[in-house]
Amino acid sequence: MKILIIRRDNIGDLVLTTPLFSLLKKKIPDLHLSVLVNSYNAPVLAGNPDVDEIFVYQKAKHRVAGVSRWQVWADTARQIWRMRQCRFDVAILAGSGYVYQAEKFARLVGIKKMIGYLPQDGRPHHVTNPVDPLSSSTHHAQVVMNLAMALGFDAETLPAVLLPQAELRDSLRQSLALTKAPLWIGIHISARKPCQRWSVEAFAAAMHELHILTGAKFLLFWSPGTEDHPAHPGDDRKAELLLNLCAGLVVVPVPTIHLSELIAGLSLCDVLLCSDGGAMHVAAALKKPLVALFGDTDARVWGPWQVSNRVLQPESRHVRDISVNDVVQAMLAICGDIQAI
């Protein structure tokens with residue numbers, strides 16, 4: 001049986017789809033499982049034992065300098081042609097609702113049987129095997145696994161699967177020259193939405209307090225670049241300021257340009273402090289205990305999956321209203337969980 005799962009969204013979405021891969025592989029022994037992803041989130045699947053084939057296409061907005069939209073579209077067309085030769089039996093349109101672009105890809109690939117959720121507005125669609133939606137407060141990983149119902153399988157509570165590239169992880173460990181420490185705490189300061197951004201001063205105060213209480217050393221992660229970049233704003237200035245405020249601590253900078261570097265870097269941490277986002281889901285899939293700062297996202301749906309965690313979300317739905325003391329206490333509780341294990 002040949003199944004194609006289409007997941008063309010962000011990093012966290014793809015991470016939370018990996019439990020579905022495990023479920024299908026468990027239930028269908030002779031399954032050949034392929035996944036269509038984009039060039040941005042593809043590193044999530046590197047080494048995944050449940051995936052037999054990965055098809056990668058590039059979104060025009062992710063193209064590198066010197067590559068035209070026409071080149072991107074031509075490459076996508078060639079990829080679609082290669083996929084048509086596979087003659088897939090089923091396409092699963094992975095998501096929490098109807099995914100028009102995924103359906104479009106499935107039609108272009110020539111797949112007749114499509115599993116997915118239906119559009120709520122009654123638009124025309126080609127979903128042949130629709131699945132009844134779950135409650136809007138259900139975790140996204142469970143919502144995606146629920147699509148297996150169309151194949152006659154009940155959803156199960158399975159962990160996400162994510163493996164760091166061993167050579168890259170070892171190379172990064174060597175280049176960072178990490179020394180022995182009671183605890184290596186990862187600090188990820190980048191966040192896409194303003195309501196998810198904790199201040200540099202708050203991060204610095206928490207790090208000083210955690211060092212005093214635990215003797216921890218720190219790995220500092222951020223998205224490189226200038227904050228005014230039109231396509232990919234970065235946090236170089238914020239990271240520089242934080243490093244200056246933490247001059248008396250051991251803080252190892254780990255700017256991550258590529259997702260594979262972020263995965264490898266987070267695998268070196270003992271525990272992570274971050275805002276809701278892709279890094280949080282990566283760390284959770286790596287089984288790293290974490291404290292997550294939530295803004296206006298529903299933590300019931302997008303919270304860390306199947307890992308020891310503490311979620312902090314103020315009534316204002318803006319992380320600026322989370323106190324340093326609350327973060328420190330949550331981190332200490334997580335460290336207690338680690339020691340208990």
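1. In this predicted model, the chain is built from 12 helices and 12 strands. Its radius of gyration is 21 Å, close to the 20 Å that the globule rule gives for 341 residues, so the chain is as compact as a globular protein of that length. Along the principal axes, the C-alpha atoms fill a box of roughly 60 × 45 × 40 Å.

2. Of the 341 residues, 51% are buried. Among contacts with a separation of 6 or more, 63% join residues 24 or more positions apart. The chain exposes about 15,800 Å², and carbon and sulfur atoms supply 51% of that area.

3. The chain carries 34 positive and 31 negative charges, whose mean positions are 7 Å apart. A search of the whole structure finds 11 salt bridges; one network of such bridges links Arg7, Asp9 and Asp13.

4. Lysine 26 and glutamate 156 form a salt bridge, with N and O 2.8 Å apart. This pair links distant parts of the chain, 130 residues apart: lysine 26 lies in helix H2, and glutamate 156 in the loop between helix H5 and helix H6. Lysine 26 is exposed, at 53% relative accessible area, whereas glutamate 156 is partly exposed, at 22%.

5. The salt bridge between aspartate 296 and lysine 193 has an N to O distance of 2.7 Å. Here too the pair links distant parts of the chain, 103 residues apart, and each partner lies in a loop.

6. Aspartate 170 and arginine 173 form a salt bridge at 3.2 Å. Because they are three residues apart in helix H6, about one helical turn separates them.

Note on methods: Residues are numbered from 1 along each chain as its sequence is written. This is a predicted model: local features need pLDDT of at least 70, side-chain atom pairs count only at pLDDT 80 or more; totals for chains, interfaces and linings use all residues. Side-chain values use heavy atoms; hydrogens and water are left out. Helices (H or I, at least four residues) and strands (E, at least two) are DSSP runs, numbered from the N terminus. The radius of gyration is taken over C-alpha atoms; the globule rule is 2.2 Å times the number of residues to the power 0.38. Buried means under 20% relative accessible area, exposed over 50%, partly exposed in between (1.4 Å probe, protein chains only). Contact means heavy atoms within 4.5 Å. Accessible areas come from the Shrake-Rupley method with a 1.4 Å probe; for residues, only the protein chains shown count as cover. Lys and Arg count as positive and Asp and Glu as negative; His and the chain ends are not counted. The place of a charge is taken as NZ of Lys, CZ of Arg, CG of Asp or CD of Glu. A salt bridge is a side-chain nitrogen of Lys or Arg within 4 Å of a carboxyl oxygen of Asp or Glu.
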